[in-house]
Amino acid sequence: MPRHRVRKVILATSEDEARAIALEMAKSMTMEAASTMAALLDAYRRVIDAAHVTADTKAGYIKAAKRAIEHFKRHPQKCEEFDREEASEYIRLRLLDGNAANTVRQEISVIRMALRERGLTDPYETVELPKGRRRKFDTMRIDRLKALLETIEGPMGLAAWLAFGCRLQTGEIAALHTNDAPQEEERLHIRNSVGQDGKLRQARRPRTVSLSGNVLRRLRTHEFTVMRKDGYLFGTTGSYANPQVLARKWGAISQALGLDMTLNDLREIGGERPCI
């Protein structure tokens with residue numbers, strides 16, 4: 001059967017409208033051509049960018065899309081093969097990397113919208129989504145948690161206390177340098193953070209926190225071991241740490257202690273307390 005090329009003509013009332021129509025058609029074709037989840041989400045990210053929503057909503061969706069794209073670059077996945085099992089595996093790996101449940105839910109929302117836009121089946125319709133943990137703990141449970149954290153020595157013990165006691169994010173912990181904790185000061189300067197893409201950048205909320213008690217003691221003990229290297233507190237000489245590696249190391253310790261908490265969970269639980 002002979003093939004015939006069909007040309008579609010769309011009339012626009014203005015040059016701006018013509019440009020907008022051309023842009024939408026180009027985006028649609030890009031999504032249709034995407035064969036991997038990373039490519040699909042990258043195409044959908046441009047759709048979000050052109051959407052008529054508030055700036056804050058748009059920024060949130062785009063950030064979630066970028067995080068999901070980075071994940072699928074590390075774990076390549078074809079669109080047509082993203083089924084219920086792969087959707088569940090995405091949740092497991094993202095939580096294992098130390099991401100909070102709400103963060104993962106935001107990413108899933110974008111993934112679902114992209115799949116539907118492409119006309120593909122949404123596997124998350126039959127997958128249980130991660131639930132956020134309760135933020136408030138009673139005093140007795142907090143005391144028990146602190147007692148367990150006291151038993152953890154070494155770098156990961158310090159990391160846990162920085163999250164729990166000082167509300168540092170995992171990326172901020174990974175970026176800490178000896179220069180951020182001057183010996184003559186009882187303060188910690190949060191200047192940088194390591195993103196999901198593994199790149200060092202300025203912290204979203206640069207700040208200085210006062211240190212005392214447990215955190216200060218552990219910081220000075222650990223800092224002494226890396227002081228001569230003049231390097232990063234949780235990385236190798238001259239290199240900052242990978243937040244995903246920190247999250248996995250903490251995950252193994254947390255599981256062994258029966259805590260079942262990520263570093264971000266510790267940060268949220270200890271959020272209303274001063275740096276201790």
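These questions and answers go through a predicted model.

Residues are numbered from 1 along each chain as its sequence is written. Local features need pLDDT of at least 70 and side-chain atom pairs pLDDT 80 or more, while totals for chains, interfaces and linings use all residues.

Trainee: What pLDDT does the chain average?
Mentor: pLDDT is the predictor's confidence in each residue, from 0 to 100. At least 70 is scored by 79% of the residues. The chain average is 81.

Trainee: Are helix 3 and helix 5 roughly parallel or roughly perpendicular?
Mentor: Helices here are DSSP runs of H or I with at least four residues, numbered from the N terminus. The axes, lines fitted to C-alpha atoms over the stretch in contact, come within 8 Å and cross at roughly 85°. Angles of 65 to 115 degrees count as roughly perpendicular, so helix 3 and helix 5 are roughly perpendicular.

Trainee: Which residues of helix 5 meet helix 3?
Mentor: On the helix 3 side, the residues are Y61, A64, A65, R67, A68 and F72. By class, this contact has eight nonpolar, two polar and two charged residues. From helix 5 come T103, Q106, E107, V110, I111 and M113.

Terms used: Heavy atoms only, no water. Axes fitted to C-alpha atoms, helices over the stretch in contact; angles between N-to-C directions. Helix = DSSP H or I, 4+ residues; strand = E, 2+ residues; numbered from the N terminus. Parallel < 35°, antiparallel > 145°, perpendicular 65-115°, else oblique. Contact = heavy atoms within 4.5 Å. Nonpolar A, V, L, I, M, F, W, Y, C, P; charged D, E, K, R; others polar.
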